[in-house]
Amino acid sequence: MLKLPIYLDHNATTPMDPRVLEAMIPYFVENFGNAASRNHSFGWHAEEAVDYAREQIAQLIGADTKEIIFTSGATEGDNLGIKGVYEMYASKGNHIITCTTEHKAVLDTCKHLEKLGAEVTYLEVQPDGLINLKELEAAMKPTTILVAIMYANNEIGVIQPVKEISAIAKKHGALFFTDAVQAVGKIPVDVNADGIDLMAFTAHKMYGPKGVGALYVRRKNPRVKVTAQLDGGGHERGMRSGTLNVPGIVGFGKACELARLEMASDTERISKLRDKLETALTQLEESYVNGNPAYRLPHVSNISFKYVEGEGLMMGFNKDIALSSGSACTSASLEPSYVLKALGLGDDLAHSSLRFGLGRYTTEEQIDFTIKAVSETVLKLREMSPLWEMFKDGIDIDAIQWAHH
Amino acid sequence: MAYSDKVIDHYSNPKNVGTLDKASKSVGTGLVGAPECGDVMRLQIQVDEATGIITDAKFKTFGCGSAIASSSLATEWLKGKTIDQAVAIDNMDLVEELNLPPVKIHCSVLAEDAIKAAINDFRTKNGLAELVFEQSHV
């Protein structure tokens with residue numbers, strides 16, 4: 001029996017794997033100790049659990065355990081990585097390079113640093129969502145201290161050429177930071193093979209608990225340091241003070257272990273379902289996949305259904321299917337997704353997009369239901385759309401003088 | 001954000017979706033909004049030339065559920081009204097009837113603008129001066 005509603009918003013967050021919960025439970029009531037309590041068994045138990053989790057996490061990304069700094073999540077990791085480098089390397093320069101499709105946690109951090117004197121270059125992306133490596137190379141300066149480019153995009157799922165980007169940064173003596181929230185646990189990420197110096201990621205996007213994440217900080221070739229953004233007890237090698245979230249960290253570790261062991265089989269199954277969904281939905285007239293399909297996360301599909309508005313579209317099935325739209329009709333700004341606009345999509349196509357994010361528990365039955373519900377709603381709303389009628393009558397919609405509100 | 005039952009009802013069973021002959025002298029067409037803003041409404045009225053009563057109204061809308069509901073409700077209200085009565089329809093009446101939240105008030109404004117644009121189109125076609133309207137509530 002198909003159980004409704006269906007969750008297809010795994011880029012926003014994932015359900016917790018029951019095996020993760022099971023691993024966490026003893027660390028709430030029974031083993032509640034503070035990992036920083038050095039003088040009794042409560043503390044030792046907690047520290048042992050944290051050390052084990054650190055190993056599980058480090059193993060997933062090919063890092064050393066000493067390179068894992070626990071945070072409250074990726075927003076904190078982005079802030080600590082970028083602000084921490086900016087402060088620590090102030091004597092070397094003040095130039096940061098990032099791109100326009102980054103998460104707000106990166107973009108707004110960069111904007112904040114601009115106010116403090118940083119010079120930030122925001123690279124545009126190509127229509128397929130990837131940055132242009134030649135433009136990156138051209139943007140490098142003697143004062144460039146950091147290149148901050150995300151591993152995979154949260155809205156369209158495109159995977160940036162991380163190895164090439166890190167090589168360019170290295171060549172010019174800059175560090176490479178990546179927000180890898182959407183990538184870690186979904187696709188193979190190896191900090192050494194990929195040349196990553198700093199990397200933010202989080203547990204709740206990979207079937208772990210919310211409120212815990214990590215910042216990877218390279219220790220060798222080069223040894224990277226960040227200035228702490230929180231003052232306190234000097235936890236996490238002085239880079240991030242605050243009592244460790246032991247149960248959360250234990251869950252994060254378990255989630256990383258499961259991701260490492262099950263990534264290949266999950267990916268194979270989920271990408272088949274994604275492809276089935278995408279093939280079926282793009283059979284609708286005037287529907288377009290956003291983002292480069294060759295360099296893309298296996299579980300994401302972002303599709304624009306021209307001449308229907310995304311939020312109106314979702315209303316047709318949102319009691320049964322949970323997903324996201326690039327339309328920002330709910331926000332007061334009325335601005336559609338800045339990521340889709342950065343691809344050069346017209347506002348109309350950006351308003352018409354849906355993001356499907358599949359996950360570990362997505363079934364074929366759910367995908368079949370989704371294909372049917374989305375297709376029917378698109379057809380129904382097009383019958384109701386003046387733009388669709390104009391398109392069918394051969395009227396050039398772009399040539400109309402629209403009154404902008 | 002949850003939608004009100006009335007919005008859901010108009011969205012699920014929209015009233016008066018369709019197209020009237022925009023070349024006809026007895027039809028007024030209002031096309032407002034812009035694709036870039038995520039809302040386009042086309043509202044049409046059929047006016048009985050002898051009585052000045054709106055005998056039919058149709059709409060097509062590209063937009064969110066609240067935009068669709070606002071235009072659907074507007075067409076319902078227009079039918080049977082005289083032009084003078086139709087001019088008096090205020091966007092806040094739509095907001096109240098549909099229980100629209102503040103971020104969706106612009107949908108009702110668009111519907112009011114569509115009504116006025118349709119009326120003026122009808123007037124122009126019939127040799128009457130366009131009415132000048134005050135700014136609606138935003």
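Visitor: What is the order of the 4 strands that form an open sheet in chain A?
Guide: The model is predicted: local features need pLDDT of at least 70, side-chain atom pairs count only at pLDDT 80 or more, and totals for chains, interfaces and linings use all residues. Residues are numbered from 1 along each chain as its sequence is written, while chains are lettered from A and ligands numbered from 1 in the order in which they are written. Strands (E, at least two residues) and helices (H or I, at least four residues) are DSSP runs numbered from the N terminus, and two strands pair if DSSP finds at least two bridges between them. In this sheet the pairing is antiparallel and the order is β9-β10-β13-β12.

Visitor: Which strands of chain A stand at the edges of this sheet?
Guide: An edge strand here has a single partner, so one of its sides is left without a neighbour in the sheet. This holds for β9 (287-289) and β12 (324-325) of chain A.

Visitor: Which residue of β10(A) stands opposite Tyr288(A)?
Guide: β9(A) and β10(A) (residues 300-305) run antiparallel and are joined by 3 bridges. Across this pairing, the residue opposite Tyr288(A) is Ser304(A).

Visitor: At about what angle does helix α7 of chain A run to β10(A)?
Guide: Helix α7 (residues 246-281) of chain A lies across β9, β10 and β13 (353-357) of that chain. Contact requires C-beta atoms, placed from the backbone, within 7 Å. Axes are lines fitted to C-alpha atoms, for helices over the stretch in contact, with angles from 0 to 180 degrees between N-to-C directions. On this basis α7(A) runs to β10(A) at about 10°.

Visitor: What is the radius of gyration of chain A?
Guide: Chain A holds 12 helices and 13 strands, and 53% of its 405 residues are buried. The radius is taken over C-alpha atoms, and the globule rule is 2.2 Å times the number of residues to the power 0.38. A compact globule of 405 residues would have a value near 22 Å, which agrees with that of chain A, 22 Å.

Visitor: Which strand of chain B pairs with β1(B) over 8 bridges?
Guide: From the N terminus on, chain B runs α-β-β-β-α-α-α-α. Its β1 is largely enclosed by the rest of the structure, because 7 of its 8 residues are buried. Gly38(B) takes a positive phi near 85° in the hairpin, which has 4 residues between its strands. The antiparallel partner of β1(B) is β2(B).

Visitor: Which element of chain B gives the largest share of the side that touches chain A?
Guide: The contact takes 26 residues from chain A and 25 residues from chain B. β1 (27-34), β2 (39-47), β3 (54-62) and α2 (65-78) of chain B each give two or more residues to the side that touches chain A. The largest share, 4 residues, comes from β1(B).

Methods
Two residues are in contact if their C-beta atoms, placed from the backbone, lie within 7 Å. A residue is buried if 20 or more other C-beta atoms lie within 10 Å of its own, exposed if 12 or fewer, and partly exposed in between; C-beta atoms are placed from the backbone.
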